[in-house]
Amino acid sequence: MWRFLQGLILLALVPYAQASALTLTEVSPGVYVHQGVHEDLSEGYHGDICNISVVIGKNGVAVIDTGGNLKVGQALHDAIRQLTTLPILYVINTHVHPDHVFGNAAFIADHPQFIGHAKLADALERRRDAYIRSNEQWQGQDFAGSEIVKPTLPVSDALEIDLGGRQLALKAYPPAHTSTDLTVYDTLSQTLWTGDLLFIERTPSLDGDIKGWLNAITQLKQVPAARAIPGHGPVSSNWKSALNDEQRYLQTLLDDVRASIKKGEVMEKAMDTAASSEKGKWALFDIVNRRNVNILYPALEWE
Amino acid sequence: MVKHSVGTPSMMLGKWIIAGMLLACSTGAWAEASDKLWPVVKEAFFANRTIEEVPFIQLAGPRRAESGAQVPVTLTVNQSQSPAAIKNVYIIVDANPIQLAATYHLTELLGNLQLSTRIRMETDSFVRAIGETADGKLYMSTIQIRAAGGCGGSVDGDEAAIRAASGKIKLNVENPVKFGQATPATFIIKHPMYTGLQRDLVSQGFRPAFYIQKAAFTYNNQPVMSVDFGVGTSEDPYLRFDFTPAAPGTLEVHAEDNEGAKFSQQLDVKNAS
């Protein structure tokens, strides 16, 4: 009985333990990564699923994505202060999704430049109510204090920022994973941050334009990076092969949904069958793939 | 004709604010669809009327919607089991800020109604199909769907291009057609279906509602079905329904948006050649 109670107590403590400490792992001198876990954006989501990175130059720090709630953002802030006292100059959001942006508020007091795609401010505004409501529902108290913080420095095409002896090249994309995708490249460490233009392990989720995404993949393959930090999944030196996997999934999804429409199959049927050859190769496949078909099918009916 | 009409838009506005307040009170922990909304919604649309749950109206949809923006639902009405012909069907989503997603006005050419569409869902909700007979009796089928974020959600993209493309229609029937038998027809109309609840950075407020209001289908000039759409119907409104063409002829649709723009399309329904 006591062991059972102990178990319950431990179980009750787990979410707090997760929220309070955030581990940053150095993957190259001055480049730190925290890897999120694979949870769906639904009940059971705790706000810590995307990859969060910190890049330190001679003059200051850049943060790339901030997690899905203020607590994660604060834990990230604490973890950065364990590493350096240099000012936090830039907070970069790779795109609009709530798991990447809702830790931003933890950095307001540092007065950094918040950087995002030129369309990010508008996209955040449009999604504000829905994001806040669903995140409150999913995360409950863990979401308290989280707010939308829009970019102060929008990127419409390309931008270079200097951290002191270290330049980060930012690039904005036409609609792909979302309509607000931004990548970051650090020449010094040859590290590429793809945002959610690259998923490793986790099923790629579509919220933009699948054809644009396939184009972005082709472009990303040209980057001379030694490693890539995907939006979700492990840091990879074998990232071009991961891009190939993602390309294969998206192309299969596109081909299957097109074929389904051509045959006159209804969307509900396509949701059961499209890209089923990819099942077993990705985490959260059944949930995310069906959602992708649900989003893609109505768009492709107009081809 | 409709004997008892449902609430006017201004009256509905007041009522959905009440429903919204109820909803706000019920959040907190993860909530299943709330059954507290229906008594309020029911009185808003069908004040003092009795509604009977029956098996001859069936609504089907996913238990959990993958995307709140495009939730596929299928409605069937077994007219032969109804005490009197169902003339109108109202689709109501309790927890949507604007609950009435669409009203379907039926004719005999539809036979036993078999209709699929896609609706928006703001959050977990009961979804109802309420059938109405000519003498005003009401019958209902209710399902529960879990969903998120379909109404305030985003329509990203270039405003001018979206407007220019709106009103384009695809109308098809499943071939080969067997005359005198139920034939599936598919209708899609390109339209953003702005809800009036979507935020807009440019105007610093909410983007005005802009949606397809009506679509009327005829076959050889005989009414088949007319539909009053609300913004609870998804972007690019989609309908797939069975109708029974007696002989070769022309299926025609006339649609209209809330700004008065009119769109139409016709399709020759022929013998297999």
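B:Ala33 lies in the loop that links helix 1 (9-26) to helix 2 (38-45) of chain B; helices (H or I, at least four residues) and strands (E, at least two) are DSSP runs numbered from the N terminus. The model is predicted: local features need pLDDT of at least 70, side-chain atom pairs count only at pLDDT 80 or more, and totals for chains, interfaces and linings use all residues. Residues are numbered from 1 along each chain as its sequence is written, while chains are lettered from A and ligands numbered from 1 in the order in which they are written.

Is B:Ala33 buried or exposed? B:Ala33 is buried because 22 other C-beta atoms lie within 10 Å. The term buried requires 20 or more other C-beta atoms within 10 Å of the residue's own, exposed means 12 or fewer, and partly exposed is in between, with C-beta atoms placed from the backbone. Leaving aside neighbours within four places in sequence, B:Ala33 is in contact with B:Ala95, B:Asp124, B:Ser125, B:Phe126 and B:Gln144, where contact means that the C-beta atoms, placed from the backbone, lie within 7 Å. B:Phe126 is 93 residues away along the chain, yet its C-alpha atom is separated from that of B:Ala33 by 6.1 Å.

Strand 6 (residues 113-119) of chain B is likewise mostly covered, with six of its seven residues buried. Strand 6 of chain B runs antiparallel to strand 3 (residues 71-77) of chain B, and seven bridges join the two; strands pair if DSSP finds at least two bridges between them. Within this pairing, B:Ser116 is the bridge partner of B:Thr74. Strand 6 of chain B also pairs with strand 15 (residues 238-243) of chain B, in the antiparallel sense, over three bridges. Here B:Leu115 is opposite B:Phe241 of strand 15.

Chain B also holds an open sheet of nine strands with mixed pairing, in the order 1-8-7-4-5-14-13-16-17. Its edge strands, each pairing on one side only, are strand 1 (51-53) and strand 17 (262-269) of chain B. Within the sheet, strand 5 (residues 100-106) and strand 14 (residues 222-229) of chain B are antiparallel and share five bridges. In that pair, B:Thr103 stands opposite B:Asp228 of strand 14.

Finally, 22 residues of chain B are in contact with 25 residues of chain A. The side of chain B that touches chain A comprises six nonpolar, nine polar and seven charged residues. Nonpolar covers Ala, Val, Leu, Ile, Met, Phe, Trp, Tyr, Cys and Pro, charged covers Asp, Glu, Lys and Arg, and the others, Gly among them, count as polar.

Technical notes. Two residues are in contact if their C-beta atoms, placed from the backbone, lie within 7 Å.
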